[in-house]
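Subject: Structure handover

Hello,

Here is the structure I promised to pass on. Please have it open while you read my notes below.

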Amino acid sequence: MPAIVGVDIGGTFTDLVYRAGEEMRIFKLLSTRSNPAVAFLKGLDALGVPGEAIVAHGTTVATNAVLEHRGARTALITTAGFRDVLVLGRQNRPHLYRLSFPTRWVPVPDDLRFEVRERVSARGEVLLPLDPEEVDRVLDEVVARGAESLAVVLLFSFLRPEHERLIGERARARGLFVSLSSHILPEYREFERTSTTVLNAYVSPIMARYLTSLQEGLIRRGHTTLWVMQSSGGILTARRAMDEAVRTILSGPAAGVTGAFHVASLAGYDHIITFDMGGTSTDVSLADGRIRRTTEGSIEGWPLRVPMMDIHTVGAGGGSIAYRDPGGALRVGPESAGSEPGPACYGRGGNHLTVTDANLLLGRLVPERFLGGRMTLDVDAAHRVAEGLARALGLTVEALAEGVLQVANARMEQAIRVISIERGFDPRRFTLVPFGGAGPMHGMALAEALGIPRVLVPRYPGVLSALGLTLADFVRDYSRTVMWLLHRVTARDLESALAPLLARGREELRDEGFDDGRIRLEPALDLRYQGQSFELTVPLTTFDPEGIARAFHEAHERRYGYARPDAAVEVVNLRVTARGVRPKPSPPAYPEAPSPDPGDARVGQQRVRFGGEWLATPVYDRDLLRPGHRLRGPALVVQEDATTVVPPGWQGWVDRWGNLVFERG
Amino acid sequence: MDPVLLEVMKSMLTAVAEEMGATLGRTAYSPNIKERRDYSCAVFDARGEMVAQAAHIPVHLGAMPLSVQAALARFDHLEEGDIVVLNDPYFGGSHLPDLTMVAPVYLEGRLLGYVASRAHHADVGGMVPGSMPLARELYQEGLIIPPVKIQAQREVQQAVLDLITRNSRTPGERLGDLAAQIAAQRIGIRRLQELAHRYGTDTLTTYMAYLQDYAERMVRDLIRRIPDGTYTFVDYMDDDGFGTTDIPIVVTVRVQGEAMEVDFTGTAPQVTGGINAVRSVTLSAVFYVLRCLLEDDAVPTNAGIFRPVRVVLPEGSLVHARFPAAVAAGNVETSQRIVDVVLGALAQALPEVVPAASQGTMNNLTIGGVDPRTGASFAYYETIAGGMGASARADGLSGVHVHMTNTLNTPAEALEYAYPLRVTRYALRRGSGGAGRHQGGDGVVREVELLTDATVTLLTERRRHAPYGLHGGAPGAKGENLYIPAPEETLAEPLITLPRQGEAIVLPGKVSFQGRRGARIRVVTPGGGGWGKPRERDV
């Protein structure tokens, strides 16, 4: 396979993984927040990446532009009577039981929301034609008010895009950056389409500036190909990412999940639940041979209906703070000590008990081996903050620490139930893949609570995102609302409606250099019973309407526990995912262990508390473990950026990829 | 009591209710249930006391416990596999469209508790499509269902299903919604059994009781922080739609130490039109205010919350109606005013916390008739957002649902696909929020064109009495309902007698009439009240 380097820029660290054939190199450095490209290019130089390597990038530039409200000055044009749809949203307030709310940020201010007279009906007829002269007048005003970017969202434009296109052409002629809803999201529900299109308009110019300047630095080093990670877990060219930056806004966790999925699949497990536990929050997701996706994402309350990974996030992580509430319950989070001052045991002035402190108090961390020994954890500090709380709750410090983990794990268990059981999947048929700084510490306890039989800890749980960037497929997604009754359409109707989407996918991938043997076109339909208003996406395996109906009834039965074979089925959206399949790597050349006994990798022993008892527990160094070594709990495995806790009752081995695979019993 | 297990069981039991809600919300048919999330699910202990409820819609807060009590009063023994359904407002319900299901949960022959779900069904018969009519007595409002078994010993009772669907204008939709609700009940049963398996039946039932004590402690802690005293407030309902106007709701809140009394003595007697609130609705409104003051979403909504509070409701009054008073709008309109008066009283005790009045109505609009595209009858029901009251902390939000509801709108594009209607305007009503140091939120203008002749019913409030401001803040603007006739439409009763405003006819707050194809209904919703003197506003 061609050489490739994955560069993932996070809040604290910039991670790089370089792969060429069997060779793999890793580098981690501090991010440069003011200009992320600085650390990016520094990392490339430090790794000595050759100029011919493809550069695959995971960036939160678009995400941060939204979170920090630093996007482009954006205007919006809507059908007359509807310019407030953006602020009215779905008319619900963000919390049920609050008497006041902070004023909400709106990406397009009142004086930049415009209307044009035009109207298309639900059947796609033009009820009121658009007047080009009115368009010109409005666009003059858009420009006069200093807008750089323009979103255009007209009612039912997905049935008849002509009006939007006319506005788009004239706006581009005026030098505006243009986002048309019929291009970005040709699907019904005007608020969600408006929000998605507006956010694209808001972030794309920022993304374009960032990627353009980054490309200059890359070209000087000989790199001609720059790819960017999307929220869906698929790769996009930099050129497209500049126009459709909305597709990257929720990409933060996507590369990690992609990395976890590829690592586990190569190891032989493609039904996995990923568990990414960081300092303040935890992300979980599920793959059943393919990564589950959704189009129901949002940021700061603004919906984003482009494909993203179906990730569920809970506000509990290593830094979550424990306290006693006035009713006497032990609460953990959502307040977090963050990285500054951090948990009490960091010794930087943190004076609240956190999940990390609880892990330390129970012996699950090795104080002098934290972050590869660059930081020593202060057990006494953790003990001091625990004592007061323990007294208030009438518990011993040990019982409190165990309680903190129990409460935090209960939250995470619920998160996994949401993405598995509530979606119709039985977690007992899956492998748990923990990663992130704290994931491998909690993974096996969670697996036990959910009956998950196997846990796979990737070789490099701390750089899984950068690794995922080097492994992800190239993906384009297309959709269109049709709103048909399934029993009224023929196989021919479906085939000819899908044909343009399929053709577009094939062409775009050919343009990116994929030959037909590596292009996978995956058509799907969003279906529902007529009268419902949530759709299920069902992969299209046949054009025969009866076969499609059967597949839908089955999917509905599995997800919701019932089907209505006699009810009419509605085809809401057509979807096509075009995938450019990237070559998968061969196993690295790790030397085999001479025997299953991991004695050579043993670097210590300490007391660890499991199930209310202190047990003498060996400590192993991950870097010294070799394929073929076998481990049995209780054990700790330490490495630079993660500690794996193996409770009694679990045993495992190192596979040929260097992963740790544990099973119950 | 173990503080760790308390917290773990709290999240586990709340998750049971939430998982039921996720099932119901996603599988239901009525837009009311799916898009507008007009439903609730809850878990009860073996004595029928509520342990946890998923937060979906506040107006169901106090009503669910009465449903379980009604089911238990009717059937002294519910067997495994039984599910009871009911909607009788005078026997466990709130208004007729809200159908509640209650099922016992057993494990190895031992009763663990009950699960219940309540959902607003789009049509249960009665005078007008949508079953939110302007009626004089309960019988006109739709099918009354006392507690009956819709499932007995695991067998769905076809006769009960037939009876309900035959009484609805949209039987297919009813069937789908009932199936979704039964599915939610089954999920709840299974999850509660799993918890008993995992933690032991004794532990589960013990902690169900502890969680009520816990919520009680949290509320006592809250009440302790409210200054002792007696606080009185009065506000008015506009009218009942049958000639009675300016109907007072009076509340006296007495706070002493950790206890609170909420006394509605002095409130007007029940009226002819359906703005009467049954007891459960009034309890929900009081319950809602307490929940808001707690400012902690992690406190489970359960029976413990009510223990420190005594609610005094004069029987036969607007806030505790006697059978067979009509009640359709008590749930959606009067409940809002009850919140307004309780907050108005508490504003004297907690000036920094309590906001000015919000729009105080849900602006219920129902349009029904025959869809010319299919020949089938349709019933479209929506509630429309308005302005939120300002507080010491912030301006009020604009164009949101307030207090007792938080249902979603139906997107214009979804509405036009599904019904012979066209949305012609959906906008903020600028300047309608009351002025103040903090400004009230703006109301909304929503205009819908009829593409076929249809029955239109409006149940709205705050058309005569504006949402109050506080501490020198101005009231929010009153709402307005307009009818813009079709070109060359010949007007009939009652439209012909109503006042005009240019091309438009000004409709009363509560009205039912035949609208013509090509005419438009414009609902202009109230703004929220302002807080503090306008001249103190930071610019």
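First, a term: two strands pair if DSSP finds at least two bridges between them. Strands (E, at least two residues) and helices (H or I, at least four) are DSSP runs, numbered from the N terminus. This is a predicted model: local features need pLDDT of at least 70, side-chain atom pairs count only at pLDDT 80 or more, and totals for chains, interfaces and linings use all residues. Residues are numbered from 1 along each chain as its sequence is written, while chains are lettered from A and ligands numbered from 1 in the order in which they are written.

**Strand β1 of chain B**

β1(B) covers residues 39-45. It pairs with β2(B), residues 50-53, in the antiparallel sense over three bridges. B:Ala42 stands opposite B:Gln53 there.

Seven of the seven residues of β1(B) are buried. Buried means 20 or more other C-beta atoms within 10 Å of the residue's own; exposed means 12 or fewer, partly exposed is in between, and C-beta atoms are placed from the backbone. In a regular strand the side chains alternate between the two faces of the sheet. In β1(B), B:Tyr39, B:Cys41, B:Val43 and B:Asp45 are on one side. B:Ser40, B:Ala42 and B:Phe44 are on the other. Both faces are covered.

**A four-stranded sheet in chain B**

The strand order is β8-β9-β10-β11, the sheet is open and the pairing is mixed. β8 (229-239) and β11 of chain B stand at the edges with a single partner strand each, so one side of each lacks a neighbour in the sheet. The twist averages 15° from one strand to the next. Angles run from 0 to 180 degrees between N-to-C directions, and axes are lines fitted to C-alpha atoms, for helices over the stretch in contact. β9(B) (residues 245-256) and β10(B) (residues 259-263) run antiparallel, joined by five bridges. B:Val255 has B:Met260 as its bridge partner.

α8(B) lies across β8, β9 and β10 of chain B, at about 150° to β8(B). B:Ala326 sits in the loop between β11 (309-312) and α8 (328-349) of chain B. Is B:Ala326 buried or exposed? B:Ala326 counts as buried because 29 C-beta neighbours lie inside 10 Å. Its contacts (C-beta atoms, placed from the backbone, within 7 Å) include B:Ala135, B:Arg136, B:Gly273 and B:Asn276, leaving out residues up to four places away in sequence.

**Two helices in chain B**

The axes of α4(B) (residues 158-166) and α5(B) (residues 171-199) come within 8 Å and cross at roughly 135°. The two helices are therefore oblique to each other. Angles under 35 degrees count as roughly parallel, over 145 as roughly antiparallel, 65 to 115 as roughly perpendicular and the rest as oblique. B:Leu161, B:Ile164, B:Thr165 and B:Arg166 in α4(B) meet B:Pro171, B:Arg174, B:Leu175 and B:Leu178 in α5(B). These residues divide into five nonpolar, one polar and two charged. Ala, Val, Leu, Ile, Met, Phe, Trp, Tyr, Cys and Pro count as nonpolar, Asp, Glu, Lys and Arg as charged, and the others, Gly among them, as polar.

**Chain A**

One open sheet has the order β6-β5-β9-β10, with parallel pairing. Its edge strands are β6 (113-116) and β10 (177-180) of chain A, which pair on one side only. β5(A) (residues 74-79) and β9(A) (residues 149-153) pair over five bridges. A:Thr78 has A:Val153 as its bridge partner. α7(A) packs on this sheet, touching β5, β9 and β10 of chain A, and its direction makes about 165° with that of β9(A). α5(A), residues 162-173, lies across β5, β9 and β10 of chain A too, at about 170° to β10(A).

Further along, a hairpin joins β31(A) to β32(A) through two residues. β32(A) has five of its five residues buried.

**Where the chains meet**

The contact takes 51 residues from chain A and 59 from chain B. On the chain A side, α12(A) gives the largest share, six residues. That side has 25 nonpolar, 14 polar and twelve charged residues.

Best wishes

Key: Two residues are in contact if their C-beta atoms, placed from the backbone, lie within 7 Å.
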